[in-house]
Amino acid sequence: MRKHNSRREFAVVQRLLPLLRGYKWLLPVIVVLGLLASVMEGASLSLLIPLLHVLTDHSESLVGNSSLVLRLQNVIDVVPPTLRLLAVVLAIFVAICFKNLISYANVAAFSFVDSRVSHDLRVRLFARILNVPFAKIDDYSPGNLMNLLETETWRTSQALKVLFGAITSACTAAIFVP
């Protein structure tokens, strides 16, 4: 059963990839932007430990064993104690803003690909319909035919969205999971 599902999903991916023929260069861009957004999310979360450290004012306590947290703490130790809280809060704000900017660029790039692929798919479908003999088209009601075409292009668009999300998540997991 599981093997059959994997084959079916792989077949769907094989059918989706030709739709990206003119936009394959954007796949790495979208993956890199997704990875950068994940890194920025991790950086903003890593800044919470120095924030708590500054708020509790335990300057001699151990901040953690993560090298990123230790590096952030060393940077924060350079800032005068009266400005540390402001510096940490500002760093968290900048990291979150930068992450949101990267996420926006990621969504914009994917939306461009999605809209272009959907448009190309609709154009090809309607071109094929124009080549079908009129007697066959007359068998279908125009509303049902349009609904069928729009539904199928929407499903393809959703499958493409899932494919890009899965590739980005797999790359993120491969990098961040030891």
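This is a predicted model: local features need pLDDT of at least 70, side-chain atom pairs count only at pLDDT 80 or more; totals for chains, interfaces and linings use all residues.

Reader: OK, how many aromatic pairs does the structure hold?

Author: Two. Take Y23 and F112 to begin with. Their ring centres are 6.1 Å apart and their planes sit at 85°, so the pair is edge-to-face. The cut-off for that label is over 60 degrees.

Reader: Where do Y23 and F112 lie?

Author: Y23 is in the loop between α1 (2-16) and α2 (26-46). F112 is in helix α5 (residues 84-131).

Reader: Is Y23 buried or exposed?

Author: Buried, as its relative accessibility is 14%. The limit for buried is under 20%. F112 is partly exposed, at 39%.

Reader: And the pair of F110 and F164, what are its distance and angle?

Author: It is 5.3 Å centre to centre, with 65° between the planes. That pair is edge-to-face. F110 belongs to helix α5, and F164 to helix α7 (residues 142-176). The two are 54 residues apart, so here too the pair links distant parts of the chain.

Reader: Are F110 and F164 buried or exposed?

Author: Both are buried.

Reader: New topic. How much space lies in the largest pocket?

Author: About 230 Å³. Its lining includes F110 and F164, the residues of that ring pair. Also among the lining residues are I30, S103, N106 and K161.

Reader: Which helices each supply at least two residues of that lining?

Author: α2, α5 and α7.

Reader: How do the lining residues of the pocket divide by type?

Author: Five are nonpolar, six polar and one charged.

Reader: Last one: how many cavities of 30 Å³ or more turn up in the whole structure?

Author: One. The largest cavity has a volume of about 30 Å³.

Reader: Which residues line the largest cavity?

Author: L19, R21, V117, D120, L121 and R124. Three of them are nonpolar and three charged, with no polar ones.

Note on methods
Residues are numbered from 1 along each chain as its sequence is written. Side-chain values use heavy atoms; hydrogens and water are left out. Rings of Phe, Tyr and Trp (its six-membered ring) pair if their centres lie within 6.5 Å; planes under 30 degrees apart count as stacked, over 60 as edge-to-face and the rest as tilted. Helices (H or I, at least four residues) and strands (E, at least two) are DSSP runs, numbered from the N terminus. Buried means under 20% relative accessible area, exposed over 50%, partly exposed in between (1.4 Å probe, protein chains only). On a 1 Å grid over the protein atoms alone, a cavity is a set of points where a 1.4 Å probe fits but cannot get out, and a pocket is an open set with protein on both sides within 12 Å along at least five of seven lines; lining residues have an atom within 4 Å of a point. Grid points are joined across faces, edges and corners, and a volume is the space filled by probe spheres set on the points. Ala, Val, Leu, Ile, Met, Phe, Trp, Tyr, Cys and Pro count as nonpolar, Asp, Glu, Lys and Arg as charged, and the others, Gly among them, as polar.
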